[in-house]
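Thanks for coming, everyone. Let me put the model on the screen and walk you through it.

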Amino acid sequence: MNYVIGVDTGGTFTDGFVSGEDGTIAAAKSPSTPPDFSRGFLDVIDELAKELGVQTPDLLSKTKYIIHGTTSTLNAVVTGDVAKVGFLTTRGHADSISMMNLEGRYAGLDPEQIQNISRTNKPEPLVPRSLVEEIDERIDYKGSVVVELDESGTRQAVTRLVGQNVEAIAVSLLWSFLNPIHEIRIREIVNEIAPGMYVAVSHEISPRIREYTRNSTTIINTQVGPRLAAYLSPLEVELRNRGLAGSLLVMQGSGGCVQAAQAPKYAVSTLGSVLTGGVVGCVHLAKALGHRNIISTDMGGTTFLVGLIQDGKPITTTTTVLNQHQINTPMVDVHTIGSGGGAIAWIDGGGNLRVGPRSAGARPGPVCYAEGGTEPTVTDADLVLGIINPDNFLGGRKKLSKKLAEDAIRTKIAEPLGLTVEEGAAAIYTIQNAQTADLVRKVVVNSGHDPRDFVIYSFGGAGPVHAASYSADIGSPEVLIPLGTTAAVFSAYGLASSDIVLTAETSDPSNWPVAPATINECYGRLEQELRSRMQEQGLEFQTIEYVREAEIRYTMQMAEVTTPVPAGVLDAEAIDAVGAEFEALYERLYGKGSGFADAGLQVITYRVRAVGMLPIRTKLPDLEIAAGAPESSGTRRVFLDVRKGWQETKIYDYQALKVGAEVDGPAVVETPTTTIAVPEGTRGTVDRLGNLVLRPTAA
């Protein structure tokens with residue numbers, strides 16, 4: 001029997017999920033191991049083998065592929081632990097990365113922060129001026145060579161950068177996405193002078209118009225590419241030594257994966273790797289359950305993540321902001337705040353209680369872990385409130401200290417605010433629920449949707465503890481805790497359920513409608529590129545699907561709308577239909593009558609996504625139907641609702657619940673990897689796949 005494994009490395013825990021061809025599934029969690037996260041990866045593989053009752057070499061020898069969601073590239077950018085990069089660009093344009101298209105001061109900030117202009121700061125340039133070299137060359141807007149590449153000057157510039165001990169070189173020239181001849185030659189020159197040096201060229205990394213974002217995307221890719229290679233290469237070697245016969249794949253922010261050997265070249269595409277697994281998992285589970293509109297909420301130890309799925313498809317974006325720098329990379333649109341189970345509770349200078357965004361992470365972790373932590377966290381509060389069982393954390397593998405948690409809350413929170421320890425813990429719990437509900441509301445409502453039209457999927461180790469509270473706050477009618485014992489590792493399930501996804505794009509600004517010959521040639525070229533890259537993956541696919549889209553705008557506007565384009569050879573009628581679809585999408589986004597057809601249309605960028613469906617699909621088995629009401633394993637005093645206070649609460653073992661079992665709140669359902677809070681006025685029902693579905697029973 002063959003297996004597929006998903007491994008999701010978070011800031012606090014590393015999650016694992018394994019699925020066999022016969023429907024066997026198992027899940028495991030292991031503490032993450034910064035700074036060497038590969039140790040946590042290998043630990044969770046060992047735990048999965050134990051869950052299956054086999055030795056690790058036996059499991060790996062039968063594994064077709066492991067899909068890894070890694071924090072490697074994102075952590076490198078956030079912490080500044082990136083490669084020292086030299087930057088080559090067209091003469092006269094060295095300062096584009098400093099000017100940042102005038103966006104740097106406000107990019108990625110919310111409206112309230114932008115309005116307080118005196119408190120905004122422009123980030124430092126991605127590359128210091130001393131490591132930027134200008135090259136004599138010029139391609140014009142038609143792709144014609146106006147000034148030939150000065151090869152002698154290029155060699156001198158590369159030699160100067162190598163002399164400053166750069167680890168990698170980024171190359172981004174004007175209009176290179178229309179004619180890459182000079183970028184290709186510069187890469188050859190770098191390889192001649194510094195063989196083996198990592199080189200990224202913009203026409204491969206970000207072949208889109210707009211100079212600054214193309215530059216920044218290429219530079220960030222170059223900064224993190226060597227770090228990603230340094231992480232993945234020894235990890236894959238170790239997996240081979242332990243018996244892995246299949247492939248190591250890496251998740252991308254777009255919601256699909258790629259061979260580990262290919263990932264460093266397009267490293268920027270993995271920046272959202274660890275954020276998207278849960279959303280992909282929601283898409284696959286929703287198909288089995290018939291849900292079309294889902295709010296994906298993932299609360300781990302460090303962060304709280306929210307993504308939207310509308311009409312069965314995740315909401316995506318073609319650009320994102322990282323550290324106030326705009327970058328071009330297709331990503332599932334996931335919003336995040338530092339409000340996980342390890343979020344630290346603290347008192348600000350005005351005497352107000354805050355929760356997050358700082359996190360205790362995996363080292364030292366919450367105070368109750370007894371590993372040196374001193375600042376109280378959300379998990380400490382959940383423990384003091386009786387929600388978490390100190391003897392059943394991680395299935396009993398880790399014992400928690402309630403006394404240490406109480407002492408930390410007393411000294412850091414309760415006494416300074418004139419509260420009891422229990423009141424301090426309740427305040428932390430309430431603030432946590434409020435700010436998670438605020439993010440969900442912001443994501444859904446700001447997208448023009450009503451939360452009451454969506455089902456919330458709540459997962460991650462800490463998500464089910466708080467899900468009933470933040471869902472009630474926004475009025476969502478139903479919360480689904482997915483797949484029972486695997487809820488805490490649901491992102492890893494999403495990774496194991498994903499497919500290979502590659503993207504090719506190019507900008508070629510033109511007035512609409514475009515001549516059929518031009519548009520057909522463009523999409524044909526992009527699809528041929530993707531066919532070659534799919535072959536490089538060295539994998540067998542059930543099917544490969546090519547999905548086309550175009551970035552279209554009204555003439556003279558600055559923003560485009562992503563518009564679907566049909567497959568096959570397009571004639572004039574089909575092209576007109578694409579333009580009509582753009583206008584319909586525009587009005588759907590900005591309101592009826594907002595379009596202005598008289599301005600004419602322009603197409604800016606063409607894009608194709610290739611989706612290669614992998615052969616092993618995770619099977620979700622139907623479970624045994626319950627006979628009679630479930631029996632609780634006892635009661636304990638628990639605080640689940642600020643309006644109800646402390647209540648004697650029934651405790652249930654999830655593994656003893658059958659399909660159809662109903663649990664009325666107040667109740668707590670314990671699984672080996674998470675805890676589900678069911679407040680009074682809420683009923684939990686186990687569905688045919690083992691999901692626990694929470695619905696209100698009273699207004």
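One term before we start: contact means heavy atoms within 4.5 Å. Axes are lines fitted to C-alpha atoms, for helices over the stretch in contact, and angles run from 0 to 180 degrees between N-to-C directions. Helices (H or I, at least four residues) and strands (E, at least two) are DSSP runs, numbered from the N terminus.

Now the ground rules. This is a predicted model, where local features need pLDDT of at least 70, side-chain atom pairs count only at pLDDT 80 or more, and totals for chains, interfaces and linings use all residues. Residues are numbered from 1 along each chain as its sequence is written, and side-chain values use heavy atoms, with hydrogens and water left out.

Two strands pair if DSSP finds at least two bridges between them. Here four strands make an open sheet, ordered β6-β5-β9-β10, with parallel pairing. β6 (132–135) and β10 (198–201) are at the edges; each has a single partner strand, so one side of each is left without a neighbour in the sheet. On average, neighbouring strands are turned by 20° against each other, direction ignored.

Which helix packs on this sheet and touches β5, β6, β9 and β10? That is α7 (residues 181–193), and its direction makes about 175° with that of β10. Helix α9 (residues 211–241) lies across β5, β9 and β10. Its angle to β9 is about 160°. Look at β9 itself, residues 168–172: it pairs with β10 in the parallel sense over four bridges. Ala-170 stands opposite Ala-200 in β10.

Next, the core. A nonpolar core is a set of buried Ala, Val, Leu, Ile, Met, Phe, Trp, Tyr and Cys residues joined through side-chain atoms within 4.5 Å. Buried means under 20% relative accessible area, exposed over 50%, partly exposed in between, with a 1.4 Å probe and protein chains only. The largest nonpolar core has 134 residues, and Phe-41 and Ile-66 touch the most other members. Leaving aside neighbours within four places in sequence, Ile-66 has contacts that include Phe-41, Leu-239 and Leu-244. In soluble globular proteins, nonpolar side chains tend to be buried together.

Now a contrast. Is Leu-102 buried or exposed? Leu-102 is exposed, at a relative accessible area of 70%. It sits in the loop between α4 (96–99) and α5 (111–115). From Leu-102 to Leu-244 is 142 residues in sequence and 49 Å in space, C-alpha to C-alpha.

On to a helix pair. α12 (residues 402–417) and α13 (residues 421–446) pack at an angle of about 80°, with axes 9 Å apart. That makes α12 roughly perpendicular to α13; the label covers 65 to 115 degrees, while under 35 is roughly parallel, over 145 roughly antiparallel and the rest oblique. Among the residues making the contact are Ile-409 and Ile-413 of α12 and Val-421 and Ile-428 of α13.

Last stop, a second sheet. Four strands form it, open, in the order β27-β28-β30-β31, and the pairing is mixed. β27 (634–641) and β31 (675–678) are the edge strands, each pairing on one side only. The twist averages 35° from one strand to the next. Helix α14 (residues 463–474) lies across β27 and β31, at about 20° to β31.

Within β28 (residues 645–653) we find Gln-647. Gln-647 is buried, with a relative accessible area of 14%.
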